[in-house]
Amino acid sequence: MIRFREPGVVYLVGAGPGDPELITLRGLRLLRAADVVVYDRLVAESLLDEAPAGAERIFAGKASGCHPMSQEEINAILVARAREGKTVVRLKGGDPFVFGRGGEEAEACAVAGLRWELVPGVSSAIGVPGLAGIPVTHRGTAASFAVVTGHRAAGEGREPDWEALGAIDTLVVLMGVEGLPRIAGRLIGAGRAFDTPVAVIQEGSLPGERVVTGTLGTIAERARAAGVEPPATIVIGEVVRLRDAAAPGSRAVPRVAERGLAAVAAPG
């Protein structure tokens with residue numbers, strides 16, 4: 001008689017904003033025990049090297065306007081591999097539940113009767129500005145912040161409530177490079193000051209990180225002139241003025257290039 005293995009488990013693991021050292025300790029330990037790794041395009045190659053040599057690696061990357069694998073296909077892979085009794089790590093940039101569609105993957109696992117667990121990651125919405133010297137909140141400057149996807153500003157889906165967002169002290173926009181002119185225009189139209197500071201951070205936490213600053217009135221042109229491309233995080237608000245005081249240039253990026261991850265969360 002054929003005996004089937006018990007159903008496996010799916011771990012939705014946040015890999016952080018880019019620098020491989022920003023994955024959590026638990027995330028790294030699970031990655032090192034994985035049978036299958038389903039990963040996004042923004043996951044560092046050195047993190048994939050942490051998975052066992054025999055682990056199956058499945059690329060499920062997506063870029064703006066280019067989705068070689070649909071979300072439904074990704075969900076099906078997670079379910080199928082877990083049903084084979086395998087330990088599946090779904091490795092995602094940032095945090096799986098912050099515009100990472102992790103909720104849909106968790107729902108697919110739950111509907112299939114499979115065990116799943118979230119391993120939170122450092123979201124680029126907070127980590128990238130912070131590493132660039134911009135706190136999203138600051139006493140006396142910003143007591144509130146909001147995170148919004150820029151896809152809708154580029155014509156995908158329902159428009160955000162720009163008047164409500166304009167009242168937030170700090171606004172962080174993810175996936176907003178393409179929609180930056182529209183975002184700036186909408187916020188100005190909703191009453192945000194023309195000279196509100198803005199920073200666009202490209203490849204945050206990575207060796208190629210660069211920051212373009214301006215105002216709501218100038219940032220779209222400045223970003224275009226600088227050739228800014230995704231991935232980039234946009235920060236809008238007075239906290240951008242704090243960047244110079246934070247002196248982020250003293251930070252070594254990335255430390256992993258010097259000594260690797262071998263000593264971190266070593267097995268045993």
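The legends below describe close-up views of a predicted model. In this predicted model, local features need pLDDT of at least 70 and side-chain atom pairs count only at pLDDT 80 or more, while totals for chains, interfaces and linings use all residues. Residues are numbered from 1 along each chain as its sequence is written, and side-chain values use heavy atoms, with hydrogens and water left out.

View A. Strands (E, at least two residues) and helices (H or I, at least four) are DSSP runs numbered from the N terminus. Val-9 counts as buried because its relative accessibility is 10%; buried means under 20% relative accessible area, exposed over 50%, partly exposed in between (1.4 Å probe, protein chains only). Beyond its neighbours within four places in sequence, Val-9 is in contact with residues including Ala-82, Val-88 and Trp-116 (contact: heavy atoms within 4.5 Å). Val-9 and Trp-116 are 107 residues apart in sequence, yet their C-alpha atoms are 5.5 Å apart.

**View B. The buried residues of helix H7 (residues 180-189).** Leu-180, Ile-183, Ala-184 and Leu-187 are buried. They lie on the same side of H7, because they cover an arc of only 95° around the axis (taken from the directions from the helix axis to the C-beta atoms). Their packing partners include helix H6 (162-166) and strand S8 (197-202). Gly-191, which follows H7, has a positive phi near 110°.

**View C. The largest nonpolar core, with 21 residues.** A nonpolar core is a set of buried Ala, Val, Leu, Ile, Met, Phe, Trp, Tyr and Cys residues joined through side-chain atoms within 4.5 Å. Leu-187 and Val-200 are among those with the most contacts inside this core. H7 gives the largest share, four residues.
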